[in-house]
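Me: I have a structure open here and I'm new to it. Can you walk me through a few spots?
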Amino acid sequence: MSTLSREAFQEEALYQLLTRGWRWVCTLSLILLFIIVATFLGNALRDPTVLLHPALSLYGIQSLCYMTGLIIFRPGSRPFPYWHLLFCVLSLLFSMSWMMSVFHLIHYARLYTSAEVLSELVIMLCLLGFFASIKATSFAIVPMLLLSTYINYLSVHESLQIPLLKLLAMLLIIYTGRQTLMHWFNSSVSKEYDKEQLVKQLNQMVSQDQLTGLNNRRFFEYELEKQFHQCRREQQPLSLIMIDIDYFKHLNDALGHPAGDECLKRVAQVLKTSLKRPTDSVSRFGGEEFIAILPATSADGAKVVSARICKSLADAKILHPASDVSPYVTVSQGIATVGNEQITHQLLQRADSNLYQAKARGRNQACS
């Protein structure tokens with residue numbers, strides 16, 4: 001699930017779109033080069049005077065460049081510093097490489113019509129592949145557009161009127177086409193971001209306790225199953241700490257339910273800060289009960305966490321005038337570490353049994 005801001009999300013989408021565009025342009029360019037080389041080979045078979053070495057060398061270098069581009073921007077690559085600049089440089093090099101091919105068709109093969117068609121085809125490829133970046137689009141299209149105008153100028157016997165009208169028409173098509181594509185892109189990214197945020201909010205609603213902000217029972221059951229099987233697979237220990245606020249009903253009766261709710265919130269915050277590792281999680285199990293999952297944690301490690309919870313709670317000094325063990329809020333804890341259990345319910349039952357023993361021994365303590 002994405003936790004990026006809207007701007008960062010759009011930047012990531014822009015990078016992914018440009019890399020896909022680059023791979024698409026390089027792939028089609030390789031296909032075009034194959035067609036051009038195949039055409040030259042066919043002409044060479046019919047006419048032995050046709051020089052193949054310059055064409056094969058030129059198109060061979062081009063092919064290597066495009067294959068290198070496919071390797072650099074492989075699927076799944078991530079944004080890196082100055083990637084905007086790299087795209088601009090690559091788009092300019094891409095345009096220059098095709099300009100060399102077009103010049104070859106003009107000056108060596110005398111194929112003016114083919115050269116003009118090829119240049120316009122490359123312009124359309126660049127527009128569709130690089131439209132997400134106006135700089136990359138400009139670096140790729142402008143040189144080819146000027147070259148196409150020059151070819152058109154030569155083909156109409158050096159008359160300026162038709163080439164200039166065609167240039168203006170191409171500029172208008174490119175500008176309006178890019179605006180349309182960018183509108184589609186921005187709208188699509190915005191909708192995708194809003195959808196991800198909505199899904200994230202819905203997931204939080206179904207997996208988060210609304211009062212304390214901790215994970216709820218539903219999340220706990222899912223997480224316990226996942227961590228239980230993962231720890232057994234990796235032969236790692238797994239510990240649970242079931243936590244119950246001592247004499248919570250007495251606090252509600254003495255101070256009222258709003259004070260009880262505030263107590264739950266403060267205890268939840270203490271529990272959350274007492275778990276130091278990102279893999280650890282704490283959930284509200286129900287009422288005044290909480291439960292912590294400690295993956296890759298032995299019984300001794302769980303006792304350390306339990307002691308940290310007690311100390312943090314003592315430091316918080318949450319008043320409890322109706323408690324029989326302390327003037328401040330205390331907790332009883334039941335610790336269980338995976339042994340021979342085959343299902344999570346057995347581990348949970350052992351943690352609950354140990355919690356019951358901690359209460360029977362006078363509360364404000366942990367039992368394992």
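Me: Trp-83 and Phe-87: buried or exposed?
Reply: Both Trp-83 and Phe-87 are buried. Buried stands for under 20% relative accessible area, exposed for over 50%, and partly exposed for what lies in between, with a 1.4 Å probe and protein chains only. This is a predicted model, where local features need pLDDT of at least 70 and side-chain atom pairs count only at pLDDT 80 or more, while totals for chains, interfaces and linings use all residues. Residues are numbered from 1 along each chain as its sequence is written, and side-chain values use heavy atoms, with hydrogens and water left out.

Me: Where do Trp-83 and Phe-87 lie?
Reply: Both are in helix α3, four residues apart, which is about one turn of the helix. Helices (H or I, at least four residues) and strands (E, at least two) are DSSP runs, numbered from the N terminus.

Me: How many aromatic pairs are there?
Reply: The count comes to 13 aromatic pairs. Rings of Phe, Tyr and Trp (its six-membered ring) pair if their centres lie within 6.5 Å; planes under 30 degrees apart are stacked, over 60 edge-to-face, and the rest tilted. Trp-83 and Phe-87 make an edge-to-face pair, with 5.7 Å centre to centre and 85° between the planes. Phe-94 and Phe-130 are also edge-to-face, at 6.0 Å centre to centre and 90° between the planes.

Me: Which parts does that Phe-94 and Phe-130 pair tie together?
Reply: Phe-94 lies in helix α3 and Phe-130 in helix α4 (residues 112-130), so the pair ties together parts 36 residues apart in sequence. Phe-94 counts as buried because its relative accessibility is 2%. Phe-130 counts as buried at 1%.

Me: And which residues form the aromatic cluster?
Reply: One aromatic cluster includes Tyr-15, Trp-22, Tyr-66, Phe-73 and Phe-80, along with Trp-83, Phe-87, Phe-94, Trp-98 and Phe-130.

Me: OK, helix packing. At what angle do α3 and α5 pack?
Reply: Helix α3 (residues 83-107) and helix α5 (residues 134-155) pack at about 15°, and their axes are 7 Å apart. Axes are lines fitted to C-alpha atoms, for helices over the stretch in contact, and angles run from 0 to 180 degrees between N-to-C directions. The two helices are therefore roughly parallel to each other. Angles under 35 degrees count as roughly parallel, over 145 as roughly antiparallel, 65 to 115 as roughly perpendicular and the rest as oblique.

Me: What sort of residues make up the contact of α3 with α5?
Reply: They divide into 16 nonpolar, two polar and one charged. Here Ala, Val, Leu, Ile, Met, Phe, Trp, Tyr, Cys and Pro are nonpolar, Asp, Glu, Lys and Arg charged, and the others, Gly among them, polar.

Me: What about α7 and α11, at what angle do they pack?
Reply: Helix α7 (residues 217-233) and helix α11 (residues 344-360) pack at about 110°, with axes 10 Å apart. That makes α7 and α11 roughly perpendicular to each other. Phe-220, Leu-224, Glu-225 and Phe-228 in α7 meet Thr-344, Leu-347 and Leu-348 in α11, where contact means heavy atoms within 4.5 Å.

Me: New topic: where is Val-331 found?
Reply: Val-331 is in strand β4 (residues 331-337). At 1% relative accessibility, Val-331 counts as buried. Not counting residues up to four places away in sequence, Val-331 touches several residues, among them Ile-243, Leu-313 and Gln-365.

Me: And what does Asn-152 touch?
Reply: Leaving out residues up to four places away in sequence, Asn-152 touches Glu-116, Ile-162, Pro-163 and Lys-166. Asn-152 lies in helix α5 and counts as buried at 7% relative accessibility.
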